[in-house]
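This report goes through selected features of one structure, shown below.

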Amino acid sequence: MTREEGLSRLEALGFRHGDAEMLWEHFADAEQRGKKGHGYSRIRWLERLEGFDPAARPVERVESDGYWRWHANGTIGYLALRRAAHACGERPPGQARLVVVERCFPTGMLGHYARLLAASGLVAVVTATSPARLGPPGGPKLAGTNPLAVGIPSSDGQPVVVDVSMGAVTWGDVIAGLAEEGDLVPFGGEQWHKAFALALGLQLLVDSLVTEPGHAALLLVARPESDPVPALRELAPGVRLPGDS
């Protein structure tokens, strides 16, 4: 898919040009990193998705140096989380800040936001909830795939960005036709309980911090006190670290 086609289809859904460009940047980033389930296939998915207002804007409801609460306010989760992350880069905390973005779905590739924050010089941890798709074998679905992303800035301009979903495959892989829905189980094979425990813990962490039911995202951002990435790269010459192109 070309950029022109992608932007045209997103604008046809009612997104302003600037918002369409943000979405395209997210999808193109995913394609470039080999995460096809979060790439251009999501445009087709959005064309069938209901329940969001392409003209809406997220709102900031609580603000202190160490804590922000945002509400997507009807806009799609990609844009709500992107604007909250961008605001953190523009107005970084004195030391650290917890950001809750309520009614925020879908959010896509969480490493995208962790990378943006790392580029702003901030350490970042990002997670988000999604429809319950993981559970014990033969048991009820109790948690979303609930990915966890960590971004660590670096003075060499090459941040380390870890982005791990708790599923053996992602829902995006199912959407893109790269996996079957039955393949979506906690990763780890016989050690599935470890991924399930992480998914459940992240689910309850986010759910405990929202003021109304619904999917939400969580950002933890902090100013780094040291610069560990260059030394790590010196220990592993030629090794592809998480988040490298």
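## Packing of H2 and H5

Angles of 65 to 115 degrees between axes count as roughly perpendicular. The model described here is predicted. In it, the axes of H2 and helix H5 (residues 110–119) cross at roughly 105° and come within 10 Å. H2 and H5 are therefore roughly perpendicular to each other. In general, the angle between the axes and the distance between the axes describe two packed helices.

On the H2 side, the residues in contact are Glu-25, His-26 and Asp-29. They meet His-112, Tyr-113, Arg-115 and Leu-116 of H5. Sorted by class, this contact of H2 with H5 has 3 charged, 2 polar and 2 nonpolar residues.

## Helix H1

Which residues of H1 are buried? In this helix, which spans residues 3–12, they are Gly-6, Leu-7 and Leu-10. Viewed down the axis of H1, the buried residues fall within an arc of 95°, so they line one face of the helix. Helix H2 (17–32) and helix H3 (41–46) are included in what covers these buried residues.

The other side of H1 carries Glu-4 and Ala-12, which are exposed. Just after H1 comes Gly-14, with a positive phi of about 110°.

## Cysteines

How many disulfides does a search of the whole structure find? The search gives 0. A disulfide is a covalent bond between the sulfur atoms of two cysteines. For a pair to be counted here, the sulfur atoms must lie within 2.5 Å.

For Cys-88, the closest cysteine sulfur is in Cys-104, at 13 Å, which is too far for a bond. Cys-104 is likewise in no disulfide, its nearest cysteine sulfur being that of Cys-88. As for accessibility, Cys-88 counts as buried because its relative accessibility is 0%. Cys-104 is buried too, with a relative accessible area of 0%.

## Glu-180

Where does Glu-180 lie? Its place is the loop between helix H6 (171–175) and helix H7 (192–207). Glu-180 has a relative accessible area of 58% and is therefore exposed, the cut-off for exposed being over 50%.

Glu-180 can also be placed relative to Val-126. The two residues are 54 residues apart in sequence, and their C-alpha atoms are 27 Å apart in space.

Key: Residues are numbered from 1 along each chain as its sequence is written. This is a predicted model: local features need pLDDT of at least 70, side-chain atom pairs count only at pLDDT 80 or more; totals for chains, interfaces and linings use all residues. Side-chain values use heavy atoms; hydrogens and water are left out. Buried means under 20% relative accessible area, exposed over 50%, partly exposed in between (1.4 Å probe, protein chains only). Helices (H or I, at least four residues) and strands (E, at least two) are DSSP runs, numbered from the N terminus. The arc is that of the directions from the helix axis to the C-beta atoms. Contact means heavy atoms within 4.5 Å. Axes are lines fitted to C-alpha atoms, for helices over the stretch in contact, and angles run from 0 to 180 degrees between N-to-C directions. Angles under 35 degrees count as roughly parallel, over 145 as roughly antiparallel, 65 to 115 as roughly perpendicular and the rest as oblique. Ala, Val, Leu, Ile, Met, Phe, Trp, Tyr, Cys and Pro count as nonpolar, Asp, Glu, Lys and Arg as charged, and the others, Gly among them, as polar.
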